[in-house]
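Good morning, colleagues. Please look at the sequence and the model on the screen, and I shall then go through a selection of local features.

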Amino acid sequence: MIIYSCHGAAKQVTGSCHLITCNDRRVLIDCGLFQGGEEVERANAEPFGFDPAAIDALLLTHAHLDHCGRIPLLVRRGFRGRILTTAATRELARVVMLDAAGLQEEDARRSQRANRRGEAATPPLYTLDDALHALDFFGPDVVYNQTVPVADGITARFLDAGHILGSASILLDVDDGTLHRSLLFSGDLGNPGRPMLRDPVPAPAADYVVMETTYGDRPHRSVRDSIEEMYRAIRHTVNRRGNVVIPTFALERTQEILYYLHQGIRDGAIPAHMRVFLDSPMAISATEIFRRHPECFDDAFLAELRHGDPFAMPGLHFTRDTSESMAINSIEDGAVILAGSGMCNGGRVRHHLKHNLWRDRSSVVFVGYAAQGTLARRIVDGAATVRIFNEEIVVRAQVWTINGFSAHADQPALLAWLGDAPRRKVLLVHGEYERGMQAMRDCLTTRGVSCQLPGLHEPIKIG
């Protein structure tokens with residue numbers, strides 16, 4: 001008997017985690033953190049919905065936190081199987097998990113100080129030691145398009161998903177002795193036509209498809225229009241002697257924005273005299289990892305790499321140390337600050353927002369997805385004030401929301417990726433229930449495709 005169950009990103013965007021049970025074998029696809037408001041994030045400490053010790057293998061589609069962020073907790077609770085993924089994803093996941101563990105330990109220390117004031121202390125979800133222990137279970141590295149054995153009767157093939165460096169869709173072939181079925185997990189699919197990475201490999205034939213729906217309800221604006229709007233925001237802010245804060249995801253988005261800033265300065269579209277700060281140790285490490293994995297790049301970007309560093313520019317500063325980060329806050333104008341996290345729920349960007357949101361000369365430029373309940377979403381939705389580090393901050397800065405930079409496929413791209421091949425069923429996950437998921441379900445239903453929106457922990461028999 002073959003059973004599929006969804007243990008994260010079921011009728012919501014984050015926490016991707018999928019389980020395939022075939023007789024006594026159990027294979028997990030991703031194990032990510034839930035991200036959003038406090039109520040959403042409380043789910044991270046809840047039981048997984050399965051026994052971690054019973055999992056034979058975990059296949060990781062990519063290194064974003066909402067896909068790999070609970071792996072150290074999985075190991076802490078008993079997982080002892082193999083973790084299979086591409087070499088680039090393994091390297092990036094190491095950076096992401098260690099960073100997440102460090103932030104959780106920091107939050108726990110802050111919670112302990114609150115405990116001395118009579119408030120309840122919250123322990124970290126996992127520690128740096130837990131994250132380091134989890135790394136012992138990675139390997140061997142997987143190469144795109146090669147079939148690898150996973151467990152008895154189960155093989156996998158990783159296909160380039162074009163989302164971030166090393167990202168993959170995963171095609172599972174499962175045989176329970178009487179039934180043979182193929183299941184395709186999209187992972188997060190990239191937006192075609194972006195720089196650096198190849199476009200996603202179209203979905204191959206598969207009986208069942210588990211597909212993300214982050215932007216299943218709409219198309220993106222063009223990348224060219226988005227670049228021009230970012231340049232306009234920068235010029236406008238520099239001319240009025242303010243700073244530009246760009247909350248960025250450390251993987252892919254940061255490198256893409258650096259690439260566009262490099263181009264803008266080279267072509268005279270934005271001032272060459274401004275100072276650009278990459279204030280994210282994780283993003284700095286990720287940028288170094290990007291340079292080590294040319295096998296993930298498309299031909300045009302590889303050609304650029306041969307002629308120089310496409311991320312470099314005059315006035316670019318990498319700030320790893322906390323003291324260097326704090327020094328940025330003394331700059332009142334002419335700075336472009338890239339800092340994580342992209343949803344503003346953690347990381348150094350909160351300090352830069354605290355020092356710039358109240359200044360009407362400054363701008364905050366959002367270039368990525370903001371989940372419901374996050375600080376980024378509250379600012380994007382027009383909050384007059386926001387709470388940062390227990391202080392109420394007035395929002396006077398100009399807020400720009402530029403959607404065309406998304407690393408996720410939009411509705412037309414999702415449909416093109418899925419294609420017209422017959423499927424027994426398409427299971428829709430990883431999207432806002434009342435937007436991306438329902439819109440994609442309605443769209444596919446009109447095309448005669450059988451769809452289902454799995455509930456959390458709901459077992460679905462594969463027939």
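Predicted model: local features only at pLDDT ≥ 70, side-chain atom pairs only at ≥ 80, totals over all residues.

Residues are numbered from 1 along each chain as its sequence is written, and side-chain values use heavy atoms, with hydrogens and water left out.

Helices and strands here are DSSP runs numbered from the N terminus, helices being H or I with at least four residues and strands being E with at least two. Two strands count as paired if DSSP finds at least two bridges between them. By that criterion, β1 and β2 pair in the antiparallel sense, over six bridges. Both belong to an open sheet of six strands with mixed pairing, in the order β5-β4-β3-β2-β1-β21. The edge strands are β5 (82–84) and β21 (459–461), each of which pairs on one side only. On average, neighbouring strands of this sheet are turned by 20° against each other, direction ignored; the axes are lines fitted to C-alpha atoms, for helices over the stretch in contact, and angles run from 0 to 180 degrees between N-to-C directions.

The loop between β1 (2–8) and β2 (17–22) contains S16. Is S16 buried or exposed? S16 is buried, with a relative accessible area of 1%; buried means under 20%, exposed over 50%, and partly exposed in between, with a 1.4 Å probe and protein chains only. Leaving aside residues up to four places away in sequence, S16 touches G8, A9, D30, C31, G32, D66, H67 and H430, where contact means heavy atoms within 4.5 Å.

I turn to the cysteines. How many disulfides does a search of the whole structure find? It finds zero, with a disulfide taken as a pair of cysteine sulfur atoms within 2.5 Å. For C6, the closest cysteine sulfur is in C17, 7.9 Å away, which is too far for a bond. C6 is itself buried, at a relative accessible area of 0%. The sulfur of C451 is likewise too far for a bond, with the closest cysteine sulfur, in C443, at 9.2 Å.

Next, helix α11, residues 349–356, whose buried residues are V349, R350, H352, L353 and N356. Why do they lie on the same side of α11? Because they cover an arc of only 160° around the axis, the arc being that of the directions from the helix axis to the C-beta atoms. The elements against which these buried residues pack include α10 (322–328), β14 (335–339) and α12 (375–380).

Salt bridges come next. Side chains of opposite charge can pair when their charged atoms come close. The structure holds 24 salt bridges, each a side-chain nitrogen of Lys or Arg within 4 Å of a carboxyl oxygen of Asp or Glu. One of them joins the side chains of R424 and D207, at 4.0 Å from N to O. R424 lies in the loop between α13 (411–418) and β19 (425–429), and D207 in the loop between β9 (180–185) and β10 (208–212), so this pair ties together parts that are 217 residues apart in sequence. R424 is partly exposed at 44% relative accessibility, and D207 is partly exposed at 22%.

A further salt bridge joins D279 and R348, with the closest N and O atoms 2.7 Å apart. D279 is in the loop between β12 (275–278) and α8 (281–291) and R348 in the loop between β14 and α11, 69 residues apart. Both residues are buried.

I close with the backbone. Most residues other than glycine have a negative phi, and most peptide bonds are trans. A cis peptide bond joins G139 and P140, with omega about 0°, and another joins G340 and S341, with omega about 5°. P140 lies in the loop between α5 (128–135) and β6 (147–151), and S341 in the loop between β14 and α11. Although N23 is not a glycine, its phi is positive, about 55°; N23 is partly exposed, at 36%. M196, also a residue other than glycine, has a positive phi near 80° and is buried, with a relative accessible area of 0%.
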